[in-house]
Amino acid sequence: MQGKVFIVVEDVYAPPALRHILRKRGIHNAIINHLGICSKKMERVVRAHLREGRHVVIIADAEQEHVKNKEKWIRESHKLGNNVTIIVIDPCIEALACEALGLKGCREKPCNNGPIRAIDTYFRREKSREYKKRLLPLLLKEADKDNKLDQVPEFKKLIKTLKDP
């Protein structure tokens, strides 16, 4: 994509890690911000970026919901057309790193019983400490060694969206 792309991610710790990972791939056209997916503020900010002619990508966690239902809910509740790409990660953003690291249970719901449990076990074994949410940037960077995130479907979709006009 030639112009700037505005990416909304609901996880507060994700923007710095995503910036690093995207720059590593030569993608410098993304503005990445944390905004609550359910908020009216997100809706106002997204509309402002759309008026500026930017493509918008929303990255959300499925949590307990089915991916298609969550995507539909986001699109309908904020009255977003097809000019907004919505990427729902099942069940949460940690699942990306969990899969890239080759761990088990990465898609189990809820997130605490699936990917977070697997990542916590990994952190205790490899780093002698428990996984805390604030460690998400470290986790994503580590999981992306050798570009392994490229093998995870949701991340593939993000890269494709950012590279294709």
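## Disulfides

Cys98 and Cys106 are both buried, and in this predicted model the two residues form a disulfide with their sulfur atoms 2.1 Å apart. The torsion about the S-S bond is -75 degrees, and the link of Cys98 and Cys106 is left-handed. A search of the whole structure gives two disulfides. A disulfide is a covalent bond between the sulfur atoms of two cysteines.

The other link joins Cys92 and Cys111, with 1.7 Å between their sulfur atoms. The torsion about the S-S bond of Cys92 and Cys111 is about 50 degrees, so this disulfide is right-handed. Cys92 sits in the loop between E4 and helix H4 (94-100), while Cys111 sits in the loop between H4 and helix H5 (115-127), so the pair ties together parts that are 19 residues apart in sequence. Cys92 and Cys111 are both buried. Counting the bonded cysteines along the chain, the pattern of the disulfides is 1-4, 2-3.

## Cys38

Which cysteine sulfur is closest to that of Cys38? It belongs to Cys92 and lies 16 Å away, which is too far for a bond. A disulfide requires the two sulfur atoms to be within 2.5 Å. The relative accessibility of Cys38 is 62%, so Cys38 counts as exposed; the cut-off for exposed is over 50%.

## Largest cavity

The count of cavities of 30 Å³ or more comes to one. The largest cavity holds about 60 Å³ of space. Its lining consists of Leu18, Ile59, Ile87, Ile89, Ile93, Leu96, Glu154, Phe155 and Leu158. Strand E4 (84-89) and helix H7 (153-163) are the elements that give two or more residues to this lining. H7 contributes the most, with three residues.

How is the lining of the largest cavity divided by class? Eight of the lining residues are nonpolar, none is polar and one is charged. Glu154 is among the residues that line the cavity, and Glu belongs to the charged class.

## Aromatic pairs

Two aromatic pairs are present in the structure. In one of them, Phe123 and Tyr131 are edge-to-face, at 5.4 Å centre to centre and with 75 degrees between the planes. The class of this pair follows from its angle, because planes over 60 degrees apart count as edge-to-face. Phe123 and Tyr131 are both buried.

Tyr122, Phe123 and Tyr131 are linked into a cluster by ring pairs. Phe123 also has a charged neighbour: Lys127 lies over the face of the Phe123 ring, at 5.7 Å from the ring centre.

## Asn69

Asn69 belongs to helix H3, which covers residues 67-77. Is Asn69 buried, partly exposed or exposed? Its relative accessibility is 47%, so Asn69 counts as partly exposed. This class lies between the cut-offs of under 20% for buried and over 50% for exposed.

Asn69 and Ser39 are separated by 30 residues in sequence. In space, the distance between Asn69 and Ser39 is 18 Å, C-alpha to C-alpha.

Terms used: Residues are numbered from 1 along each chain as its sequence is written. This is a predicted model: local features need pLDDT of at least 70, side-chain atom pairs count only at pLDDT 80 or more; totals for chains, interfaces and linings use all residues. Side-chain values use heavy atoms; hydrogens and water are left out. On a 1 Å grid over the protein atoms alone, a cavity is a set of points where a 1.4 Å probe fits but cannot get out, and a pocket is an open set with protein on both sides within 12 Å along at least five of seven lines; lining residues have an atom within 4 Å of a point. Grid points are joined across faces, edges and corners, and a volume is the space filled by probe spheres set on the points. Helices (H or I, at least four residues) and strands (E, at least two) are DSSP runs, numbered from the N terminus. Buried means under 20% relative accessible area, exposed over 50%, partly exposed in between (1.4 Å probe, protein chains only). Rings of Phe, Tyr and Trp (its six-membered ring) pair if their centres lie within 6.5 Å; planes under 30 degrees apart count as stacked, over 60 as edge-to-face and the rest as tilted. A charge sits over a ring if NZ of Lys or CZ of Arg is within 6 Å of the ring centre and within 35 degrees of the ring normal.
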